Amino acid sequence: MAISDIKNLSAQELQTWLATVGQKSYRSEQIRQWIFKHQVLNFDEMENLPLELREQLKEQFSVKTMDLHQKQVSSDGTMKLAFRTADKKFIETVIIPKENRMSICVSTQVGCAMGCTFCRTAKMGFIRNLSLGEILEQIIQANNLLKEINRTITNVIFMGMGEPLQNFENVHQTCKVLHDQSLFNLGRKKLTISTSGVIPKILELKDRQT
Ligand code: SF4
């Protein structure tokens, strides 16, 4: 039975797990590249992994945790997606196509505690933070949808449901994976955090070196 989302593990945590099942540490990078570079959400498609390891992964982890519940495409090509999480919560993701860029607005929380008066999400109140894996999976599933028109996400905006800086660690870790040259390889200028103004967290983000 799958017990946890592998996308939530750091490279180091994945290496530690690999050691416990008798596998080499370099497999960590291979697995992460399948997921975060090649956008693969199925262990069976990770062809350079031994069959035994693929079976071990399937026993221990899930890699796809959300279902695409709804997709609406408007006349200008903007795509509004609703995902259902493993615990049956709904989150929104929006893909905005332009000639030279493909932007995605990702959610970072289910609901939101900030209470902005103009906002529909505010009426839900705060339910929970999205995990690192759930934030990244919005982008991976979007990239897989875009394959049929031969496009990929070029810009990520943290501006869906939730206040990104109230889910600080997961948003920061997401940025690191997106920026990693061996994974998503998106430059810093391609990542935008839209905040309602959580000033201590803005300052903390500025002070982080990586
Ligand atoms: S921070 Fe964003 S999601 Fe939260 S209530 Fe304000 S506008 Fe809505």
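Buried means that a residue has under 20% relative accessible area. Keep that cut-off in mind as you look through these close-ups of a predicted model.

**View 1. Helix 3 and its buried residues.** Which residues of helix 3 are buried? In this helix, residues 51-60, they are Leu53, Arg54, Gln56 and Leu57. Looking down the axis of helix 3, you would find these buried residues within an arc of 160°, so they line one face of the helix. What do the buried residues of helix 3 pack against? Their partners are helix 1 (11-20), helix 2 (27-36) and strand 2 (61-62).

**View 2. A salt bridge between Asp67 and Lys64.** Side chains of opposite charge can pair when their charged atoms come close. Here Asp67 forms a salt bridge with Lys64, and their closest N and O atoms are 3.5 Å apart. Is Asp67 buried or exposed, or something in between? Asp67 is partly exposed, with a relative accessible area of 36%. Lys64 is partly exposed too, at 40%. A search of the whole structure finds twelve salt bridges, and the next views show others.

View 3. Arg128 forms a salt bridge with Asp87, with 2.8 Å between the closest N and O atoms. Arg128 lies in strand 8 (residues 126-129), while Asp87 lies in the loop between strand 4 (79-84) and strand 5 (90-97), so the pair ties together parts that are 41 residues apart in sequence. The side chain of Arg128 also meets that of Glu134 in a salt bridge, at 3.0 Å from N to O. How do the two partners sit in the model? Asp87 is partly exposed, with a relative accessible area of 34%, whereas Glu134 is buried, with a value of 7%.

**View 4. A network of salt bridges.** Which residues are joined into one network here? Salt bridges that share partners link Glu169, Lys201, Glu204 and Arg208.

View 5. Ile199, Ile202 and Leu203 together make a nonpolar surface patch of about 270 Å². Take a look at Leu203, which is found in helix 6 (residues 199-207). Leu203 is partly exposed, with a relative accessible area of 46%.

Terms used:
Residues numbered from 1 in each chain as written. Predicted model: local features only at pLDDT ≥ 70, side-chain atom pairs only at ≥ 80, totals over all residues. Heavy atoms only, no water. Patch = residues over 30% accessible without salt bridge, like charges linked within 9 Å, V, L, I, M, F, W, Y side chains within 5 Å. Areas by Shrake-Rupley, 256 points an atom, 1.4 Å probe, with all protein chains shown as cover. Salt bridge = Lys/Arg side-chain N within 4 Å of Asp/Glu carboxyl O. Helix = DSSP H or I, 4+ residues; strand = E, 2+ residues; numbered from the N terminus. Buried < 20%, exposed > 50% of the residue type's maximum accessible area, 1.4 Å probe, protein only. Arc of directions from axis to C-beta. Contact = heavy atoms within 4.5 Å.
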